[in-house]
4 protein chains.
Amino acid sequence: MRMKSKAVLYFVLLHLLFAGLATGDVRREINIPDILDYKTLKCDLHTHTVFSDGLVWPTVRVDEAWREGLDAVSISDHIEYQPHKKDVPTNHNRPYEIALSPAKQKNILLVRGAELTRDTPPGHFNATFLSDITPLDTNELFDAVKAADKQGGFIFWNHPGWKPEAKGWYDFHTQLYSSKLLHGIEVANGDTYYPEAHQWCLEKNLTMMGNSDVHQPVANCEPSPENHRTMTLVFAKERSLDALKAALVEGRTVVWYKNQLIGRTEYLDALFKAAVRIAKPHHKQNNTVWFEVKNCSDIDIELEKPGGNPADKLLLPANSTIVMKTNIDSKTNRAKLSYTASNFLIAPDKGLPVNIMVSIQ
Amino acid sequence: MRMKSKAVLYFVLLHLLFAGLATGDVRREINIPDILDYKTLKCDLHTHTVFSDGLVWPTVRVDEAWREGLDAVSISDHIEYQPHKKDVPTNHNRPYEIALSPAKQKNILLVRGAELTRDTPPGHFNATFLSDITPLDTNELFDAVKAADKQGGFIFWNHPGWKPEAKGWYDFHTQLYSSKLLHGIEVANGDTYYPEAHQWCLEKNLTMMGNSDVHQPVANCEPSPENHRTMTLVFAKERSLDALKAALVEGRTVVWYKNQLIGRTEYLDALFKAAVRIAKPHHKQNNTVWFEVKNCSDIDIELEKPGGNPADKLLLPANSTIVMKTNIDSKTNRAKLSYTASNFLIAPDKGLPVNIMVSIQ
Amino acid sequence: MRMKSKAVLYFVLLHLLFAGLATGDVRREINIPDILDYKTLKCDLHTHTVFSDGLVWPTVRVDEAWREGLDAVSISDHIEYQPHKKDVPTNHNRPYEIALSPAKQKNILLVRGAELTRDTPPGHFNATFLSDITPLDTNELFDAVKAADKQGGFIFWNHPGWKPEAKGWYDFHTQLYSSKLLHGIEVANGDTYYPEAHQWCLEKNLTMMGNSDVHQPVANCEPSPENHRTMTLVFAKERSLDALKAALVEGRTVVWYKNQLIGRTEYLDALFKAAVRIAKPHHKQNNTVWFEVKNCSDIDIELEKPGGNPADKLLLPANSTIVMKTNIDSKTNRAKLSYTASNFLIAPDKGLPVNIMVSIQ
Amino acid sequence: MRMKSKAVLYFVLLHLLFAGLATGDVRREINIPDILDYKTLKCDLHTHTVFSDGLVWPTVRVDEAWREGLDAVSISDHIEYQPHKKDVPTNHNRPYEIALSPAKQKNILLVRGAELTRDTPPGHFNATFLSDITPLDTNELFDAVKAADKQGGFIFWNHPGWKPEAKGWYDFHTQLYSSKLLHGIEVANGDTYYPEAHQWCLEKNLTMMGNSDVHQPVANCEPSPENHRTMTLVFAKERSLDALKAALVEGRTVVWYKNQLIGRTEYLDALFKAAVRIAKPHHKQNNTVWFEVKNCSDIDIELEKPGGNPADKLLLPANSTIVMKTNIDSKTNRAKLSYTASNFLIAPDKGLPVNIMVSIQ
C-alpha cells in the first residue's frame with residue numbers, strides 16, 4: 001500500500017509524530033554557525049544507491065539529507081562497479097533524474113555526480129557538478145576525468161588511504177594535479193580520517209572534503225557530536241548550486257568528522273569565534289570572577305592548556321553553557337586564558353590556538 | 001567504496017561499535033516470552049522493496065529483521081503496481097532470490113510472498129509461503145489467489161480499512177472465504193488498527209495478522225513499547241518455515257501493535273502469565289504485605305480495576321519491577337487482586353481479565 | 001570524600017563529560033523566545049528541601065536550576081509542616097542563606113520564599129520575594145499573609161484543586177483578594193493543571209503561575225516537550241530580581257505545563273509569532289508552492305483547522321522544520337492558512353487562533 | 001504539597017508513567033548473571049547524605065538503589081567531617097534509622113555503615129555491618145577500627161589513590177592488615193580506578209570493592225555499559241545481609257567499573273561463561289559455518305586476539321546477539337577461537353583468556 005497522495009502522507013506523518021515517533025519528514029537543522037559573511041552549507045557529495053552498490057532508492061538520499069539538516073547532497077554511484085546491473089540496468093543519469101523533483105520540493109541542492117572507480121592505485125575519484133554522466137563512462141580514467149572537466153566538473157580523490165597496502169600519492173595523481181584536474185581530496189570518508197590527505201591538501205592547496213560514502217540507509221537516530229554523518233562544511237556566498245561550486249573551487253571548506261573539525265586556520269578560527277560566546281562576568285569576589293561560556297554549536301569543543309597536563313582539559317559541551325572562574329588582573333581588570341582547541345585541527349595532530357578574554361570593564 | 005570483504009566489514013562494524021554507534025549488524029532480541037510449549041516467533045509478512053514501490057534493496061529487509069530481533073520476514077512486493085518498472089524491470093521472484101543468502105547467514109526465516117493489488121474493494125491481499133510468484137500475475141484476482149493456493153500459499157487480506165470510503169466486507173471476500181482461500185486478515189497494518197477486522201477474525205475463525213507494510217528503510221533507533229514495528233507473534237512448534245506456516249494456518253497468533261496485544265483469550269492469557277512474575281511478599285506489617293511484581297516483557301502492561309475509575313490504573317512497565325502492597329486476609333493468608341489488562345485486547349475495546357494472587361504461606 | 005577544591009571539581013566534571021556522562025554542571029538553555037522587548041525568564045517559584053518535607057539540600061535546587069536552563073528559582077519550604085524537624089531544627093531562612101552563594105556563582109536569581117500551609121480550604125499559599133521569613137510563622141494565616149505583604153511579598157495560591165473533595169474558591173480567598181493580598185494562582189503544579197484556576201486568573205486579573213513543587217531530586221534526563229519541569233515564563237524588562245517581581249505583579253506570565261502554554265492571548269500570540277518562522281516559498285509548480293516552516297522553540301506546536309477533523313492536524317515539532325505546500329491565489333500571489341494552535345491555551349479548552357501567511361511576491 | 005498517602009502516590013506515579021516519564025518508583029534489574037550457585041548481589045557500600053557532606057535525605061539512597069536494580073546499599077556518612085552540622089546536628093545512627101523502613105518496603109538490604117575520615121595517609125576507611133556507629137567516634141583512628149571490629153564490622157580502605165601526592169601503602173595500613181582489621185580495598189571509587197589497589201588485593205588476599213561514593217543525587221537517566229554506578233558484585237549464598245557479609249569476608253566479589261569487570265580469575269571466568277551463549281551453527285557452506293553469539297549481560301564484552309592487532313577486536317555488545325563465522329576443521333567438525341576478554345581484568349592491564357568453541361556435531 002503506498003498509493004497515497006502526498007497530502008495524505010503529510011497527515012500520516014503527523015499522526016506518527018503525535019504518536020511520539022522520532023523520525024519522519026521533519027528536519028533538524030545542524031547548529032554550526034555562518035562565518036565571514038558566508039553561509040555555512042552542510043554537504044555530503046559522496047553517496048550511493050541501488051544504481052551501483054548502494055541499498056536505497058535515490059529519493060531516500062534526498063529524504064535523509066532533508067531530515068538531517070544537510071543543504072546539499074550528491075548521489076555519486078560507481079560508473080564501473082554495478083553489482084545490481086542484472087536487475088537495475090545501467091543508466092548513469094537516472095539517480096539524479098529520479099531524485100531531482102523531491103530535492104526541489106524539499107529545498108535540497110542536488111549535485112549530479114558519479115564515482116570513477118579504478119583499482120588502487122590510483123583508486124576512486126568523484127566527479128561532481130556534471131551535466132551528463134554518460135561521457136564519463138570511458139576506458140581510460142584520464143579520459144573520464146577530462147570529460148568531467150569539460151563539463152566544469154569539480155573532481156576529488158576519494159578515501160585516499162582506503163587500501164593500506166597500496167596507498168600513497170602516485171604518478172597518476174601528479175598527472176591529474178599538474179593538469180589542474182584534481183580539485184580536492186577526501187580528508188575523511190565515513191568513519192576514517194586520512195592525515196596524509198590532510199597534509200597534501202595543505203601543501204598542494206587542494207580542497208578538503210569529508211563525505212559519508214554511505215551505501216546503507218542512514219540510521220535516523222539522534223545524531224550526537226561524536227556520531228553524525230561525516231560531511232563538508234562549505235562557506236558559500238549564498239545557498240545555491242553555483243555558489244556552492246564556487247566555494248569548493250576556492251577551497252572554502254572545513255571537514256566535520258566525528259567530533260573534529262578539520263580545515264584551514266582562518267575558517268576554524270572563525271568557527272570557534274562564532275560558536276563560543278563569552279559573557280561579561282556575572283559575579284565577583286575579591287579578584288575572582290565567574291562568567292558564562294556558551295557553545296552555540298553541535299560540536300563538543302575540547303580545550304587544552306598548551307603544554308599542559310590532561311587535568312587542565314576543559315570541555316565546552318555542544319549547545320550548552322558552563323561557568324568558568326578566573327582571577328582578574330587588578331590593574332587591567334582583564335584576564336586572558338590561552339588554550340588549544342584540540343579538536344579543531346589546523347594540521348594533522350595540531351589544534352587551533354584560541355584565547356578566552358575576560359573583562360569587567 | 002564497498003568492495004570490502006565480509007571479514008573487513010566485521011571489523012569496520014566493531015570499530016563503529018567501539019565508537020559508540022548504536023546501529024550496525026547487532027541484534028537486539030525482542031523480549032516476549034514463549035508460551036504453551038510453543039516458540040513465540042516474531043514475524044513481519046508484509047514489506048516492500050525497490051522491486052515494487054519500496055525504497056530499499058531486498059537485503060535491507062533481512063538486515064533490518066536481524067537487527068530488530070525478528071525471526072521471520074516476507075518481502076511482498078506488489079505484483080501489479082511497479083512504479084520503478086522503467087528502472088527495475090519486472091521479475092517477481094528476484095527480491096526473494098536476492099535476500100535468500102543473507103537470510104540464511106543471519107538465521108532469518110525468509111518467506112517468499114507477493115501482494116495482489118486491486119482497487120478497493122476488494123483491495124489488497126498477501127500471498128505467502130509461495131514457491132513461485134510468476135503464476136500469480138493474472139488478470140483476475142480470483143485466479144491469482146487460486147494460483148497461490150495451489151502452491152500451498154497462506155493468504156491474508158491487507159489493511160482492510162485502508163480506504164474509509166470503500167471499506168467493508170464485500171461479496172468477493174465472502175467468495176474467497178467460502179472457498180477457503182482466505183486464511184487471515186491484517187488486524188493492524190503499520191500504525192493503523194482495524195477493529196472490524198479484529199471482529200471478523202473472531203467470528204470467522206481467521207488468523208489475526210499484524211505487519212509493518214514498510215516501504216521506507218526502517219529507522220534503527222531504539223524501539224520502545226509504544227514505538228516498534230507492528231508484527232505478528234506466531235506460536236510455532238519450532239523455529240522453522242514449516243512450523244511457522246502450520247501455526248499460521250491454525251490461527252496461533254497475537255498481533256503486537258503499538259503497546260497493544262491483540263488476539264484470542266488463550267494466547268493473551270498465556271502471555272500475561274508468562275510475562276508477569278509475582279514474588280512472595282518480602283515485607284509484612286500487621287495485615288499489610290509488600291511484594292514485587294516483575295514484568296518480563298517489552299510491553300508496558302496496563303491494568304485497570306473492572307468498572308473502576310482512572311485513578312485505579314496500575315502500570316507494569318516493560319522489563320521492570322514495581323512494589324505493590326495490599327492487605328492480606330488474616331484467615332487464608334491470601335489476597336486476590338482482580339484487574340483488566342486493558343492493552344491485551346481479546347476483542348475490540350475489551351481487555352483481558354487477570355488476577356494477581358498473593359500468598360504468605 | 002568530597003573535600004575537593006572547586007578547581008578539582010571542574011576537572012572531575014570534565015573528565016565525566018569526556019567519558020560521555022550526560023549530567024554535570026553543564027547548562028542547557030531552554031529555547032523559548034523573548035517577546036515584546038521583554039526577556040523571557042524561566043522560573044520555578046515553588047520547590048522544597050530537607051528543611052521542610054523535601055529530600056535535597058538547598059544547594060541542589062540551584063544546581064538543578066542551572067543545569068535545566070532556569071533563570072530564577074525559589075525554595076519555598078513549608079513553615080508549618082516540617083517532618084524532618086527532629087533532625088533539621090526549624091530555621092526558616094536557612095535554605096535561602098545556604099543556597100545564596102552558589103546561586104550568585106551560577107547566575108541564578110534566587111527568590112526568598114516560604115509556603116504557608118493550612119488545611120484545605122483555604123489550602124497552601126506561597127509568599128515570595130521576602131526579606132525575612134520568620135515573621136510569617138504566625139497562628140493566623142491572614143496574619144502571615146499580611147506579614148509577607150508588609151515585606152513587599154508576591155503571594156500566590158498553590159495547587160488550588162489539590163483536594164478534590166474540598167476544592168473551590170472560599171470566603172478566605174475573597175478576603176485575601178479584596179484586600180489585594182492575593183496576586184496569583186498556580187494554574188499548574190507539577191503534573192496537574194487546574195482549569196478553574198485558569199478561569200479565575202482570567203476573570204480576576206490574577207497572575208498565572210506554574211511551578212514544579214518538587215520534593216525529590218529533579219531527574220537529570222533529557223527533557224522533552226512533553227516531559228519537562230512545570231514552570232512560569234515571566235516577561236521581564238531585564239534579568240534581575242526587581243524586574244522579575246515587577247513582571248509578576250503586572251501579570252506578564254505564561255505557564256509552561258507539559259506540552260501546553262497557558263496564558264493571556266497577547267503573550268501567547270507573541271510567543272507563536274516569535275517561535276514560528278515561515279520562509280518564502282522555495283519551489284513552485286503551477287499554482288502550488290512549497291515553503292519551509294521552522295519552529296524555533298522547545299514546544300511541539302499543534303495546529304488544528306478550526307472546526308476541522310482530526311486528519312487536518314498539523315504538527316510543528318520543537319526545534320525543527322517542516323515543508324508545507326499550498327495553492328496560491330493567482331491574483332494576489334498569496335495564501336492564508338488559518339489554524340488554531342490547540343496547545344496554546346488562551347482559556348480552558350480554547351486554543352489560540354493563528355495564521356500562516358504565504359506570499360511569493 | 002506532599003501529604004499524600006502512599007496509596008495516592010502510587011497512582012500519581014502511574015499517571016506519571018503513562019505520561020511517558022522515565023523516572024519513578026520503577027526498578028530496572030541489572031542484567032549480570034548469577035554464577036557458581038551464588039546469587040550475584042549488586043552492592044554499593046559507600047554513599048553520603050545530608051548527615052555528613054552529601055546532598056540528599058537518607059531515604060533517597062534507598063529509592064535510588066531500588067530504581068537502579070541494586071540489592072544492597074550502605075549509607076556511610078563521615079563521622080569526623082560534617083559541614084552541615086550547624087543545621088543537621090550530629091547523630092551518627094540517624095541516616096540508617098531514617099532509611100530502614102523504606103528499605104524494608106522496597107526489599108533493599110540496608111547496611112549500617114560509616115566513613116572514618118582522617119588525613120591522607122592513612123586516609124579514609126569504611127566500616128560496614130555495624131550495630132551502632134557512635135562508639136566509632138574516637139580520637140584515635142585505630143580505636144575506631146577496633147570498635148567496628150568488635151561489632152563484627154567489615155572494614156575497607158576507601159579510594160586509596162585519592163591524593164596522588166600522598167598515596168601508597170603506609171605503616172598504618174600494615175598495622176591494620178596484620179591485626180586482621182583491614183578486610184578490603186576500594187579498587188574503584190566513582191569514576192576512578194586504582195591499579196595499585198587491585199594489585200594489593202591480589203597479593204594480600206583482600207576483598208576488592210567498588211563503590212560510588214555518591215554525594216549528589218544519582219541521575220536517573222538510562223544507564224549504559226560505560227556509564228553506570230560503580231558497584232561491587234558480591235557472590236552470596238542467598239539474598240540476605242548475613243550471606244552478603246559472609247561473601248565479603250570470603251572475598252567473593254567482582255568490581256563493576258565503567259565497562260570493566262575487575263576481580264579474581266575464577267569469578268570473571270564464571271561471569272564470562274554465564275553471560276556468553278554460543279549457539280550451534282545455523283548455516284554452513286563448504287567449511288565455513290555461521291553461528292550466533294549472544295551476550296546476556298549489561299556489559300559490552302571486548303575480545304582481542306592474544307598478541308593480535310587492533311583490527312582483530314571483536315565486540316559482543318550488551319544484551320545483544322551477533323553472527324560470527326569461522327572455518328571448521330573438517331576432521332573434528334570443530335573450531336576453537338581463542339581471545340582475551342580485555343575488559344575482564346584479572347590483574348592490572350591483564351584480560352581474561354577465553355575460548356569460543358564451535359561444533360557442528
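Colleague: In strand 18 of chain C, which residue is the bridge partner of C:Glu304?
Modeller: C:Thr340. Strands here are DSSP runs of E with at least two residues, helices are runs of H or I with at least four, and both are numbered from the N terminus. The model is predicted, so local features need pLDDT of at least 70 and side-chain atom pairs count only at pLDDT 80 or more, while totals for chains, interfaces and linings use all residues. Residues are numbered from 1 along each chain as its sequence is written, and chains are lettered from A and ligands numbered from 1 in the order in which they are written.

Colleague: How many bridges join strand 15 and strand 18 of chain C, and in which sense?
Modeller: Two, antiparallel, with strand 18 covering residues 334–347. Pairing requires that DSSP finds at least two bridges between the strands.

Colleague: And strand 15 with strand 16 of chain C?
Modeller: Residues 301–304 and 314–316 pair in the antiparallel sense over three bridges. C:Leu303 has C:Leu314 as its bridge partner there.

Colleague: Other topic. How many residues does the contact take from chain D and from chain B?
Modeller: 27 residues from each of chain D and chain B, where contact means C-beta atoms, placed from the backbone, within 7 Å.

Colleague: Which elements of chain D give two or more residues to that side?
Modeller: Helix 1 (6–18), helix 3 (94–105), strand 14 (288–295), strand 16 (314–316) and strand 17 (320–327).

Colleague: What rotation superposes chain D on chain B?
Modeller: 180°, with 0.0 Å of shift along its axis and RMSD 0.0 Å. That is the relation of a two-fold axis.

Colleague: Why do the copies meet through the same surface?
Modeller: Because 100% of the interface residues of chain D are also interface residues in chain B.

Definitions and conventions:
Two residues are in contact if their C-beta atoms, placed from the backbone, lie within 7 Å. Copies are superposed by least squares on the C-alpha atoms of residues with pLDDT of at least 70 in both.
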